Amino acid sequence: MKTVEEIKAAIEAAVPGAGVEIVPNPGPSAQHSLLLKPERAVEVAKFLRDDPELALDHLSNVTGVDWLDKEITEKVKVTRTVTKTVDGVEQPIEETVEETRKRVEPGYLEVVYHLFSVAKKHGPVVLRMRTGNRSDQVELPSMTRVWRSAEFQEREIFDLYGVVFKGHPDLRRILMWEGFKDHPMRKDYVEPDDFEYEPTAHDEVLRRAQAHRALEAAAAGKGAAQ
Amino acid sequence: MAVDEKLKIELGKQGVLVTTLQELYNWGRRSSVWPMNFGLACCAIEMIATTMARYDIARFGAEVFRPSPRQADMMIISGTVTKKMAPQVVRLYNQMGEPRYVIAMGACAISGGPFKQGYNVLKGIDRYIPVDVHIPGCPPRPEALLEAFITLQKKIDAQPLTGEGRPRFLDAEAPGEFPVPDQGQHDLEPPSNRSVWPVPITLGNRE
């Protein structure tokens with residue numbers, strides 16, 4: 001099979017301006033993936049499926065990743081012009097100072113597609129797409145029109161991560177019920193507090209059971225006071 | 001009003017059958033408990049195995065699985081009850097006619113099991129409906145389900161028809177319908193029916 005670099009070159013030849021990036025995998029598997037631009041992703045997907053050499057006809061898996069906002073602290077060397085008195089004369093002098101800067105890299109939701117070719121017996125090719133942020137720019141193009149097997153898995157990602165797939169034929173929740181508001185697989189999901197009965201609690205569960213009991217005791221105390 | 005056991009045996013030798021209405025009635029009730037034909041997860045596979053020739057639940061009069069709650073007497077909660085499924089399970093239980101019994105089969109049905117801390121798993125069906133027999137196991141073997149069924153039969157046999165401890169359908173005060181939980185924005189509402197399930201006292205929550 002072609003390497004990721006060759007696939008990237010093939011995509012760029014077939015779909016001009018596709019803007020594909022390679023996301024390297026530093027692990028021993030070295031399973032690098034291709035980051036697609038959402039605007040051109042469907043065209044790229046159609047090319048990957050229909051290209052006779054790649055013939056990626058089987059979408060085996062779609063999954064989501066939630067990346068929280070990252071605070072990055074980095075040291076930057078800054079050149080500044082400082083006025084200093086040298087030999088009794090005021091002169092502007094360039095000085096290099098090290099500065100610590102903090103910046104917040106906004107989080108995003110990521111969708112990962114694993115492609116195989118049944119015809120050519122090769123794979124996987126890993127595609128990724130990223131949303132603009134985690135709150136209001138969560139739209140990505142649906143791959144259901146390219147690979148039909150994406151339908152239920154995209155519904156699952158919509159349900160559990162909150163990615164909205166544009167062009168999906170039937171985008172409804174699949175595991176949780178209609179009217180459920182949260183996205184349980186997001187890292188900032190708060191689970192409902194039903195820790196009133198934990199017969200063998202330990203660690204995290206014990207902490208949450210104790211917190212539940214403290215809340216209940218406080219509520220009971222308030223009720224008694226009134 | 002029990003008949004003396006020795007006298008009963010003696011009369012039996014003479015060809016005279018002596019019994020009480022309660023015994024006869026309970027014998028009839030326990031010998032034809034028809035389960036409802038539904039399964040929730042992998043425990044259902046063991047339940048199906050129990051009905052087949054090797055384990056043969058027909059020996060106990062419970063082989064007729066009814067696909068309608070109206071015709072069923074026993075609900076075997078065989079598997080994980082998700083929060084999405086829980087209202088439907090309670091609704092099916094409400095639709096069953098009295099007398100009705102519930103066996104909670106397997107770790108998931110009695111407590112949530114290995115998925116207990118999952119966001120969509122109910123921590124035991126006894127939070128919403130009264131359970132007669134709990135079977136631990138993941139999944140329990142067919143022998144365990146048969147044992148649970150025999151336990152249920154013994155329970156039925158021991159029930160008096162009047163007074164304290166009589167079955168629910170002979171008690172006008174007993175609840176006939178159990179509230180179906182709503183699927184709220186974050187969780188089931190209410191999270192449990194406290195009249196059915198008072199929070200069990202453990203070493204941790206004892207005051």
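Reader: What pLDDT does chain A average?
Author: Chain A averages a pLDDT of 88, and 98% of the residues score at least 70. pLDDT is the predictor's confidence in each residue, from 0 to 100. This is a predicted model, where local features need pLDDT of at least 70, side-chain atom pairs count only at pLDDT 80 or more, and totals for chains, interfaces and linings use all residues. Residues are numbered from 1 along each chain as its sequence is written, while chains are lettered from A and ligands numbered from 1 in the order in which they are written.

Reader: Which element of chain A has the lowest mean pLDDT?
Author: That is strand β4 (residues 70-86) of chain A, with 81, whereas strand β6 (residues 108-117) of chain A has the highest, 94. Helices (H or I, at least four residues) and strands (E, at least two) are DSSP runs, numbered from the N terminus.

Reader: Is β4(A) buried or in the open?
Author: The number of buried residues among the 17 of β4(A) is zero, so β4(A) lies largely in the open. Buried means that 20 or more other C-beta atoms lie within 10 Å of a residue's own; exposed means 12 or fewer, partly exposed is in between, and C-beta atoms are placed from the backbone.

Reader: And which strand does β4(A) pair with?
Author: Its partner is strand β5 (residues 89-105) of chain A, in the antiparallel sense over 17 bridges. Two strands pair if DSSP finds at least two bridges between them. Glu71(A), for instance, has Val104(A) in β5(A) as its bridge partner. The two strands form a hairpin with two residues between them, and Asp87(A) in the turn has a positive phi of about 55 degrees.

Reader: Nice. Now helix α3 (residues 150-160) of chain A: how many of its residues are buried?
Author: Nine of the 11 are, so the helix is largely enclosed by the rest of the structure. Among them are Ile157(A), Phe158(A) and Leu160(A). The cover over the buried residues of α3(A) includes β3 (58-67), β6 and β9 (164-166) of chain A. After α3(A) comes Gly162(A), with a positive phi near 85 degrees.

Reader: Switching to chain B, what is it built from?
Author: Chain B has six helices and five strands, running α-α-α-β-α-β-α-β-α-β-β from the N terminus. Of its 207 residues, 34% count as buried.

Reader: What order do the strands take in the open sheet of chain B?
Author: Three strands form it in the order β1-β2-β3 (chain B), with parallel pairing. β1 (74-78) and β3 (133-135) of chain B stand at the edges with a single partner strand each, so one side of each is left without a neighbour in the sheet. The twist averages 15 degrees from one strand to the next. Angles run from 0 to 180 degrees between N-to-C directions, with axes as lines fitted to C-alpha atoms, for helices over the stretch in contact.

Reader: Which helix touches β1 and β2 of chain B?
Author: Helix α3 (residues 43-51) of chain B packs there on the sheet, its direction making about 135 degrees with that of β1(B). Helix α6 (residues 142-157) of chain B also packs on the sheet, touching β2 and β3 of chain B, at about 165 degrees to β3(B). Two residues are in contact if their C-beta atoms, placed from the backbone, lie within 7 Å.

Reader: Last one: how many residues does each chain put into the contact?
Author: The contact takes 19 residues from chain A and 15 residues from chain B.
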